Every structure is written in C-alpha cells, then in structure tokens.
Amino acid sequence: MNHRKVAVITGAGSGIGKAVALALAADGYRIVLAGRRAELLDEVAALARAAHARSQSGKSSDSTGSDEESALAVPTDVTDPAQVERLFARAVEAHGRVDLLFNNAGRSNPPGDFLDWTAAQWKDVVDVNLNGMFYCLQQAFRVMRQQTPRGGRIINNGSISAHAPRPNSMAYTATKHAVMGLTKTASLDGRQYDIAVGQIDVGNAMTELASRMASGVPQANGEIAVEPMMDVDIVGQSVLYMANLPLQANVLFHTVMATKMPFVGRG
C-alpha cells in the first residue's frame, strides 16, 4: 500500500476506534483521531505514533514524514456539523487528503426499560449513531470527490443488532438499521466519485462498552447468560483488510464476531 494514506477515525479514544487506529498506524497510515475526550485521544495518538514509527523503520524519511505528523488528535463532537467540518478541514490541512473514514462514533441504549426513556434520551442516541455518522460521511464525500487522485473509502461501523436485536435495545437497534441504509445508499452514490463505502458489523468484541457481558446479558428467552467474547484487536485487523483493498473492490458488509456467541440459531 501507499504508506502516506490518511485515515480519519471517529470514536477513536477507546474500544473499537482505538483498536482500528492502532492497526492502521502499524500498517503505515497517517491517522486523524476524533472523539469527545481529548485526554483519551492524546493517549491513543502517542501509541499510534509509536506503532507508525515501528512500521516505518528502515524506510526513507522522505516518503513517511515525521512521527509527530503520523497521528493527529482533533477533539470532535460528531453531533455538531460545524465540528465535523472542522475535523475534515484539519485533516486536509495536515495531510492534503483523506483516503479512509472509519465512521465509528456511537453510543449504546439509555439505561432501564425503554418505556421509561425520555425523548431526550432517545434523541441522544439518534444524534450520535445516525446524525453524526451522516455528517461525517457527508464531509468525507466532499473531500474525496475533489482530491487528486480522486476517491477514497468509507467504512461505517454497523452492528449485528441490525440483524438480530437484543431485548430492550430499541434506540441502538433502530439507529443501526438506519446505518445499513446509509451504507447501501452511499455505496451507490459514491460510484461516480470513486468512493467505496462498506460496513463492518461487530459481535461481542471485548471493549469498555461490552465488558458488562462478562457478568451476563439478557437473552431472547428472558434468561441472563454470559456470552463468549473476542479480542477487539481482531476488529482492527478486519477493518485494515477492508481498508487496504484497491478501490475497484469493496466489502459492502462484513460480519466479525465471537465464534460461539448466540447470534445464529433459535432460542
């Protein structure tokens, strides 16, 4: 691959976003990290610079740039279109282009029974998981269609919840169904600009968000059960595989999950 490729990663301060950032950095990407918590972004940026430096060992400095340039932290609230626009402007200012957007920022359901959720709680989930993802996708299109060489790749983080929801997961599940619609439509709309759009659906990766599964989660039959988990770094490698395909090929939907999790089957 071209080791000057530039990736923007949202929700990059922890979990899947962090794992993907480190996988891309280790493969030579220059990365732009977006998230709400500046201190976490700075920590990931330091790790990413070290990974990038290891990947470039022995290569010409003229082709790789400085370590400081390899990871840029840009605190961003994806629910604010102006902040998203600023994020992509910073990426272009620093690196001249954007080759990849990992559209990852998201949040889980409000606590408790959905009958008790407030309108504000519902809107908070929709604003991050759907609106924020749209704002990022929109800005990525604007950059990718105008840069030279033209085009790029967008990978949306969906969820297997769009195929098989958990009990009492209405807000998260509804938004992930919507993300599937964004992916399909953007894939179609991106053709004329050489923009490939795909989606990764992740099941039971060990992150801060999923750590509660270690003590059991509700099942369709009402029982509470501990579910098998997989290392989140596997998700990073899966996104890296999708990202490194030539633009003439696209993984439209990719599911990666703990092998023994209760996703397919009856129960």
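Biologist: Which residue meets Arg166 in a salt bridge?

Modeller: This is a predicted model, in which local features need pLDDT of at least 70 and side-chain atom pairs count only at pLDDT 80 or more, while totals for chains, interfaces and linings use all residues. Residues are numbered from 1 along each chain as its sequence is written, and side-chain values use heavy atoms, leaving out hydrogens and water. A salt bridge here is a side-chain nitrogen of Lys or Arg within 4 Å of a carboxyl oxygen of Asp or Glu. At 2.8 Å, N to O, the side chain of Arg166 meets that of Glu227.

Biologist: How many residues apart in sequence are the parts that this pair ties together?

Modeller: Helices (H or I, at least four residues) and strands (E, at least two) are DSSP runs, numbered from the N terminus. Arg166 sits in the loop between strand 5 (152-157) and helix 6 (170-189), and Glu227 in the loop between strand 9 (224-225) and strand 10 (230-231), so the parts tied together are apart in sequence by 61 residues.

Biologist: Is Glu227 buried or exposed?

Modeller: Buried means under 20% relative accessible area, exposed over 50%, and partly exposed in between (1.4 Å probe, protein chains only). Arg166, at 23%, counts as partly exposed. Glu227 has 5% relative accessibility, so it counts as buried.

Biologist: What is the distance between the closest N and O atoms of Asp99 and Arg97?

Modeller: Asp99 is buried, with a relative accessible area of 14%, and Arg97 counts as buried at 15%. Their salt bridge brings the closest N and O atoms to 2.9 Å.

Biologist: Why is strand 1 described as largely enclosed?

Modeller: Val6, Val8 and Thr10 cover one side and Ala7 and Ile9 the other, and all are buried. Strand 1 (residues 6-10) is largely enclosed by the rest of the structure because its buried residues number five of the five.

Biologist: At which residue does helix 5 bend?

Modeller: The expected span of a helix is 1.5 Å times one less than its number of residues. The 26 residues of helix 5 (residues 119-144) should therefore span 38 Å, and the end C-alpha atoms are 36 Å apart, which agrees. A bend is the angle between axes fitted to the seven residues ending at a residue and the seven starting there. Helix 5 bends by about 40 degrees at Asp127.
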